[in-house]
Amino acid sequence: MSVTTCKLLSLNVRGISNFKKRKTKFTWSRKQKADFICLQEIHSKIDSEKCWRNQWGCEIIMAHRSSNSHGVALLVKKDVDCAIHSKISDPSGHFVVIKTEIKDKMYVLIDIYAHNKDASILRFFNNLFATLQKN
């Protein structure tokens with residue numbers, strides 16, 4: 001029996017709209033040799049997605065809020081043997097969900113930047129669970 005390993009990395013980047021900071025974080029992330037990198041608090045807008053994808057050089061799934069708050073990005077390392085079957089991007093920039101197939105097994109990967117207040121976090125997770133049940 002062969003064991004499949006998958007290395008995941010999660011990092012709160014506290015804003016990478018600045019080119020130099022984004023380049024530094026992308027370079028550091030590549031050196032970690034993770035298959036999937038979950039970035040939180042990216043501070044991006046939808047019009048930056050193509051540029052960031054080109055800089056990363058591979059698949060990047062993003063949920064945006066604004067250039068100075070929220071946002072998440074799930075980066076896939078080049079040469080990872082996976083097939084992404086579906087993607088969900090939260091319009092408020094708090095999560096992305098992908099359903100991906102790796103070596104004939106299905107996985108759901110979720111990158112979350114959750115609220116930090118009790119009342120908001122309960123609503124957030126109820127909304128996330130409802131979204132997952134629909135898809």
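Glu 59 forms a salt bridge with Lys 87, the closest N and O atoms being 3.0 Å apart; a salt bridge here is a side-chain nitrogen of Lys or Arg within 4 Å of a carboxyl oxygen of Asp or Glu. This pair links distant parts of the chain, with Glu 59 in the loop between H2 and strand S3 (60-63) and Lys 87 in strand S5, 28 residues apart. Helices (H or I, at least four residues) and strands (E, at least two) are DSSP runs, numbered from the N terminus.

The model is predicted: local features need pLDDT of at least 70, side-chain atom pairs count only at pLDDT 80 or more, and totals for chains, interfaces and linings use all residues. Residues are numbered from 1 along each chain as its sequence is written, and side-chain values use heavy atoms, with hydrogens and water left out.

**Salt bridges**

By the salt-bridge rule, the count comes to three. Buried means under 20% relative accessible area, exposed over 50%, and partly exposed in between (1.4 Å probe, protein chains only).

| Salt bridge | N to O distance | Relative accessibility |
|---|---|---|
| Glu 59 and Lys 87 | 3.0 Å | Glu 59 25%, Lys 87 47% |
| Arg 53 and Glu 49 | 3.3 Å | Arg 53 28%, Glu 49 18% |
| Asp 35 and Lys 77 | 3.5 Å | Asp 35 15%, Lys 77 29% |

In the bridge between Asp 35 and Lys 77, Asp 35 lies in the loop between helix H1 (19-31) and strand S2 (36-40) and Lys 77 in the loop between strand S4 (72-76) and strand S5 (82-89), so the pair ties together parts that are 42 residues apart in sequence. Asp 35 counts as buried, whereas Lys 77 counts as partly exposed.

Arg 53 and Glu 49 sit within one helix: they are four residues apart in helix H2 (residues 49-56), a separation of about one helical turn. Glu 49 is buried, and Arg 53 is partly exposed. For the pair of Glu 59 and Lys 87, Glu 59 counts as partly exposed, and Lys 87 also counts as partly exposed.

**Helix packing**

Two packed helices are described by the angle between their axes and the distance between the axes. H1 and H2 pack at about 40°, and their axes are 10 Å apart. Axes are lines fitted to C-alpha atoms, for helices over the stretch in contact, and angles run from 0 to 180 degrees between N-to-C directions. Angles under 35 degrees count as roughly parallel, over 145 as roughly antiparallel, 65 to 115 as roughly perpendicular and the rest as oblique; H1 and H2 are therefore oblique to each other.

The crossing of H1 past H2 is right-handed; a crossing is left-handed if the near helix is turned anticlockwise from the far one by less than a right angle, and right-handed if clockwise. On the H1 side the contact is made by Phe 19, Arg 22, Phe 26, Ser 29 and Arg 30, and on the H2 side by Cys 51, Trp 52, Gln 55 and Trp 56. Contact means heavy atoms within 4.5 Å. By class, the contact of H1 with H2 has five nonpolar, two polar and two charged residues. Ala, Val, Leu, Ile, Met, Phe, Trp, Tyr, Cys and Pro count as nonpolar, Asp, Glu, Lys and Arg as charged, and the others, Gly among them, as polar.

**Loops and backbone**

His 43 has a positive phi, near 60°, in a residue other than glycine. His 43 is placed in the loop between S2 and H2 and counts as buried at 12% relative accessibility. His 70, in the loop between S3 and S4, has a positive phi near 55° and is likewise a residue other than glycine.

Gly 15 lies in the loop between strand S1 (8-12) and H1 and is buried at 10% relative accessibility. Leaving out residues up to four places away in sequence, Gly 15 touches Lys 21, Glu 41, Ile 42 and His 43.

Ser 17 is placed in the loop between S1 and H1 and is partly exposed at 42% relative accessibility. With residues up to four places away in sequence not counted, Ser 17 touches Arg 22, Ile 42, His 43, Trp 52 and Ser 67.

**Strand S5**

Ile 88 lies in strand S5 and counts as buried at 17% relative accessibility. Residues up to four places away in sequence aside, Ile 88 touches Phe 95, Val 96, Val 97, Thr 131 and Asn 135.
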